[in-house]
Number of protein chains: 2
Amino acid sequence: MATSEYDAHIAVTQTAPGDFAADLDAGWVVGGGVNGGYLLATLGNAIRATVPDKPDPLSISGYYLSASVPGPARVTTEVKRDGGSVATVAAELWQGDQTKITALATYGDLAGLPAGVETTAEEPDLPPRDRCVPNTMAPEEVQRLAPMMERFEMLFHPEHVGWAVGQPSGKGVISAWFRLKDGREPDPISLLTVVDLLPPVTFDLGRPGWAPTLELTAHVRAKPAEGWLKVRHATRNVAGGMFEEDCEIWDSAGRLVAQSRQLARLPRG
Amino acid sequence: MATSEYDAHIAVTQTAPGDFAADLDAGWVVGGGVNGGYLLATLGNAIRATVPDKPDPLSISGYYLSASVPGPARVTTEVKRDGGSVATVAAELWQGDQTKITALATYGDLAGLPAGVETTAEEPDLPPRDRCVPNTMAPEEVQRLAPMMERFEMLFHPEHVGWAVGQPSGKGVISAWFRLKDGREPDPISLLTVVDLLPPVTFDLGRPGWAPTLELTAHVRAKPAEGWLKVRHATRNVAGGMFEEDCEIWDSAGRLVAQSRQLARLPRG
């Protein structure tokens, strides 16, 4: 069975109990480092291997200490508690003798949760895909800044790409259709990547540039159905040189499958 | 100088590098354990003592492993990175040989951040305090469940207390004025308590009962001004036996000073 590009990129190999080798792929470079969502899924993959009977991230919090670079990396995991229906695990991503990310996560089995849904959040109102703006039309300097854009298809809401032509809406919202490029279907691990793939929502505020993440917490609330995802970024509190960025991911069945919030630094300039 | 009740309750005493003794006060009991926000501030106090030149929590994520009880506790801290303007620290709260909470936090100096504020979030629309409903009017069974209500004044928006008389609004929103009882002014550490003090927002959905927190992340975005705080809880995704609860805290100067999100289990029944 062929392995998708994405699964090959987030693969980890156990070298000892709680110790894994990874190879960060240059295909996920964006701005000054490797994409934080790709790194989170790589960590998430090692955590899954650490507590295999609790296969799904329910909550994961990554604290980003410094930028990662393509190439070899090490992931260490330590079980903090494994009992009942959930396990909590600490994990770290290392390159050389530097910790790049330190994380905590609680894993469980999404398939074992009660079925009831009383969600009041509203699905992003995205036009049909053929009326959206593909990321392949991004300005050349954005493409150069983000080679990772070749890893997926991203079709932007036409009202949320004014920044690409110098006319940001100023609302602080970006939404898009999303799928991985080689047709790899979404799953709870890939959602950890998807929460951090859209351009920083600050683009829509007229502040282009890289926005380093200090902290990102993602909650995965259900296994995503197959097909295209809808992804929405928004911010409501830009202050003190930082902003919060909330991400929602909705699956093709119209379910809110993941929510994340990150605290990031405003781009300079 | 007299120490406020609150400062006495969250006090920690260093016993060795990265090792602190605390005494969890019975006054913070709610439902089946000690309030998670009080515990987070106790952890936060030990982290502050660990990196004294970075006095303020910018982000803290607590993973709640099991309920704490009043009495002696131990807090351990480990610096993950301390460089530039921020420090990231792991911390754990122990009772006996059990880890009760494992946490990560990034601390810095809120006074040193740029002044710019472009927040689009809107301040909770609370009626004047003399038209709100004080927590002292809570039903007797709620007071019995939550002795911690004697630690503070909480004046609810009259439209958000229908649950107290069997008429929850069903909207999933609760907001209130707040201050600590003995006049202790808010600061970045006390905000870590305040994000988890209102009744679970599920009360407003007609689901009374204790809602155990799995994970809570708080971002402190500015030092709060003196005076009353406005606190707002909301949920938009009740599904799979869990819900997310977002909290906002606004200070008396009308600034959004803290945002938190927690993932909690729905009350049983």
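**A tour of the two-chain model**

Select strand 15 (residues 242-250) and strand 16 of chain A, which pair in the antiparallel sense over nine bridges; two strands are said to pair if DSSP finds at least two bridges between them. Strands (E, at least two residues) and helices (H or I, at least four) are DSSP runs, numbered from the N terminus. This is a predicted model, in which local features need pLDDT of at least 70 and side-chain atom pairs count only at pLDDT 80 or more, while totals for chains, interfaces and linings use all residues. Residues are numbered from 1 along each chain as its sequence is written, and chains are lettered from A, with ligands numbered from 1, in the order in which they are written.

Before going further, colour the model by pLDDT, the predictor's confidence in each residue from 0 to 100: chain A averages 95, and 99% of the residues score at least 70. For the complex, the predictor gives an ipTM of 0.97 and a pTM of 0.97.

**Around strand 16 of chain A**

Nine of the ten residues of strand 16 of chain A are buried, where buried requires 20 or more other C-beta atoms (placed from the backbone) within 10 Å of the residue's own, exposed 12 or fewer, and partly exposed a count in between.

Next select A:Ile249, which touches A:Leu191, A:Val194, A:Val195, A:Leu229, A:Val231, A:Val257 and A:Ala258, not counting residues up to four places away in sequence; contact here requires C-beta atoms, placed from the backbone, within 7 Å.

**Helix 2 of chain A**

Move to helix 2 (residues 36-50) of chain A, the place of A:Ala41. A:Ala41 counts as buried, with 28 C-beta neighbours inside 10 Å, and beyond four places in sequence its contacts are A:Ile10, A:Ile189, A:Ser190, A:Leu192 and A:Thr193. A:Thr42 lies in helix 2 of chain A as well, and is buried with 29 other C-beta atoms within 10 Å. Its contacts, with residues up to four places away in sequence left out, are A:Ile10, A:Val12, A:Ala22 and A:Val75; A:Val12 is 30 residues apart from A:Thr42 in sequence, yet 7.2 Å apart in space, C-alpha to C-alpha.

**Strand 13 of chain B**

In chain B, select strand 13 (residues 229-234), which is largely enclosed by the rest of the structure because five of its six residues are buried. Strand 11 (residues 173-180) of chain B pairs with strand 13 in the antiparallel sense over six bridges, with B:Val173 opposite B:Ala234. Strand 15 (residues 242-250) of chain B runs antiparallel to strand 13 and is joined to it by five bridges; here B:Glu248 is the bridge partner of B:Arg232.

**Where the chains meet**

Finally, show both chains: the contact takes 39 residues from chain A and 39 residues from chain B. The elements giving two or more residues to the side of chain A include strand 12 (213-220) and strand 16 (256-265). A rotation of 180 degrees with 0.0 Å of shift along its axis superposes chain A on chain B (RMSD 0.0 Å), by least squares on the C-alpha atoms of residues with pLDDT of at least 70 in both. The two copies are thus related as by a two-fold rotation axis.

Notes:
Two residues are in contact if their C-beta atoms, placed from the backbone, lie within 7 Å.
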